[in-house]
Amino acid sequence: HLWVQEVAVPDAPRVVLAFNPQKQLEDKRWRERKLEQGWAAMDSLLDRWEQGRITSDQVAIRDATRALVQMEAHRFFHVQVRGGTLSIQENQEHLEREARLDGVFILQSSAQELDPQAIVTAYQQLLWVERAFRTVKSFLRVRPVYHFTERRIRAHSFLCVLGYLMENHLRQRLLPAGAPYSARAALEAVEPLRVVTYDLPGVPVPIRVCTRPTPEALAVASALGYTLPARLPLSAAA
């Protein structure tokens with residue numbers, strides 16, 4: 001599903017445009033998710049401001065910036081304090097600019113021996129490597145490391161790499177199924193799922209009940225070929 005076209009740009013190396021509709025959908029959903037997470041954090045900040053729990057303008061800006069940067073949503077918000085009023089708005093100009101670039105790659109290359117498709121393939125391989133490092137550092141949070149012995153640091157790094165391999169495997173399972181979810185979005189959809197155990201009087205074994213899945217969690221499970229039960233059988237708790 002990749003559209004590739006080389007374009008002529010004066011006084012520039014080879015320029016190749018590539019468009020992927022699947023990535024366009026993923027980019028849009030990622031941005032919507034970041035906006036939702038950002039507003040949740042900003043609503044909490046506004047409540048603290050109105051309750052007088054924030055002591056100064058600088059603290060408000062600092063806390064807002066820290067929260068938005070942590071969730072990678074800082075580009076989508078304007079935060080300012082004027083006349084004792086804390087104002088938070090979406091950065092519409094940046095949102096519109098990013099929406100126009102959803103699923104679009106603009107590549108430059110000096111390799112004259114490669115056709116446009118080969119140039120895109122080479123960049124994709126580079127992007128996969130860079131994405132692996134970004135995922136390990138941000139989503140899997142390989143840093144900061146709170147261990148001091150070599151054995152524990154090695155174990156921490158091993159678990160982060162193992163987490164990346166699991167995410168990559170999930171991505172490979174979702175693509176053939178045509179699921180409209182990236183691996184990260186799928187993991188976030190199923191993360192709230194829990195199994196709750198109840199010990200009831202007169203029942204010889206505990207009863208385990210799954211938390212109610214969201215429509216997104218059900219869609220991810222269906223794409224992976226799984227059915228989420230409303231209640232686990234009693235034999236499973238024995």
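Which residue in S2 is the bridge partner of Trp-3? The bridge partner is Phe-19. This briefing covers a predicted model.

**Pairing between the strands**

- S1 and S2 are joined in the antiparallel sense by five bridges.
- These two strands, S1 and S2, form a hairpin, and six residues lie between them.
- Asp-11, in the turn of that hairpin, has a positive phi of about 55 degrees.
- Strand S2 (residues 14-19) is also joined to S5, here by six bridges, and S2 and S5 run antiparallel.
- Val-16 stands opposite Leu-107 in S5.
- Phe-19 has Val-104 as its bridge partner in S5, while Trp-3 has Phe-19 as its bridge partner in S2.

**Packed helices**

- Two packed helices are described by the angle between their axes and by the distance between the axes.
- H1 and helix H2 (residues 57-70) pack at an angle of about 160 degrees, and their axes are 10 Å apart.
- Angles over 145 degrees count as roughly antiparallel, and H1 and H2 are therefore roughly antiparallel to each other.
- The crossing of H1 and H2 is right-handed.
- For H6 and helix H7 (residues 215-223), the packing angle is about 125 degrees and the axes are 8 Å apart.
- H6 and H7 have a left-handed crossing.

**The largest pocket**

- The largest pocket holds about 1700 Å³ of space.
- It is lined by 44 residues, and the closest to its centre are Lys-23, Glu-26, Asp-27, Trp-30 and Arg-131.
- At least two lining residues of this pocket come from each of helix H1 (21-50), strand S5 (104-109), helix H4 (116-139), helix H5 (150-177) and helix H6 (183-190).
- H1 gives the most to the lining of the largest pocket, 11 residues.
- By class, the lining of the largest pocket has 17 nonpolar, eight polar and 19 charged residues.

**The largest cavity**

- The count of cavities of 30 Å³ or more comes to one.
- The largest cavity holds about 30 Å³ of space.
- Its lining consists of Leu-2, Ala-18, Phe-105, Leu-107, Val-120, Tyr-123, Gln-124 and Leu-127.
- Leu-107, listed in that lining, is the residue in S5 that stands opposite Val-16.
- S5 and H4 each supply at least two residues of the lining of the largest cavity.
- H4 gives the most to the lining of the largest cavity, with four residues.
- Seven residues of the lining of the largest cavity are nonpolar, one is polar and none is charged.

Definitions and conventions. Residues are numbered from 1 along each chain as its sequence is written. This is a predicted model: local features need pLDDT of at least 70, side-chain atom pairs count only at pLDDT 80 or more; totals for chains, interfaces and linings use all residues. Side-chain values use heavy atoms; hydrogens and water are left out. On a 1 Å grid over the protein atoms alone, a cavity is a set of points where a 1.4 Å probe fits but cannot get out, and a pocket is an open set with protein on both sides within 12 Å along at least five of seven lines; lining residues have an atom within 4 Å of a point. Grid points are joined across faces, edges and corners, and a volume is the space filled by probe spheres set on the points. Ala, Val, Leu, Ile, Met, Phe, Trp, Tyr, Cys and Pro count as nonpolar, Asp, Glu, Lys and Arg as charged, and the others, Gly among them, as polar. Two strands pair if DSSP finds at least two bridges between them. Axes are lines fitted to C-alpha atoms, for helices over the stretch in contact, and angles run from 0 to 180 degrees between N-to-C directions. A crossing is left-handed if the near helix is turned anticlockwise from the far one by less than a right angle, and right-handed if clockwise. Angles under 35 degrees count as roughly parallel, over 145 as roughly antiparallel, 65 to 115 as roughly perpendicular and the rest as oblique.
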